Amino acid sequence: MPHTERIALFPGTFDPITNGHLDVIQRGMALFDRVIVAIGNNPGKIELFTTEERREIIERLVREMSAPNVTVQPFEGLTVDFAQAVGAAVILRGLRNTTDLHYEFQLALTNRAVADIETVFIMTGDSHAFTSSSLIRQIAAGGGIDRLHRLLPPLVIEKLREKQRKHGKRLGLPRTDELTE
């Protein structure tokens, strides 16, 4: 019987990519023949990095990880449609806590019901259990880039500093109170 390549799709906005995301990618590499990091957009969020910037950052980090079985692709539309288009057998997701579990469980059941695609969960490492891109963005926008060295790869911190030099302390992001007005 011929071997069928086991492809996992790891979708997210990755804005910015964190050490927790890299942890999931690294462990996913050991489980699947190929992992596709799928960069999506969330219309409800204001971008910190453009899709192209995120793609370049992630590709560089993947090269540094010596991960020849990991590719990076931006996508639009439904994750399940993209997964089917690239031949992914599963959607790979990282879980940090029980809050993630409740949301991801519902999403996984829906994806299986509407597209017949399974979801594989990887528990994040303990040191990444509290990390989220949204929290990172808030800290960075508040001027705390130098405090993020345990949560982000050095390349992402470098790119955040470049944004800070270009846009000032707030990185061009609105304050939290501006988002609700």
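The model is predicted: local features need pLDDT of at least 70, side-chain atom pairs count only at pLDDT 80 or more, and totals for chains, interfaces and linings use all residues. Residues are numbered from 1 along each chain as its sequence is written, and side-chain values use heavy atoms, leaving out hydrogens and water.

**Asn111**
- Asn111 sits in helix H4, residues 98-115 (helices are DSSP runs of H or I, at least four residues; strands are runs of E, at least two; both are numbered from the N terminus).
- Asn111 counts as buried because its relative accessibility is 13% (buried means under 20% relative accessible area, with a 1.4 Å probe and protein chains only).
- Beyond four places in sequence, Asn111 touches Val80, Ile91, Asp116, Ile117 and Thr119 (contact means heavy atoms within 4.5 Å).

**Nonpolar cores**
- The largest nonpolar core has 35 residues (a core is a set of buried Ala, Val, Leu, Ile, Met, Phe, Trp, Tyr and Cys residues joined through side-chain atoms within 4.5 Å).
- Strand S1 (7-12) and helix H6 (154-167) are among the elements that each supply at least two residues of this core.
- Another core lies apart from it, with 13 residues, including Val80 and Ile91.

Technical notes: Buried means under 20% relative accessible area, exposed over 50%, partly exposed in between (1.4 Å probe, protein chains only).
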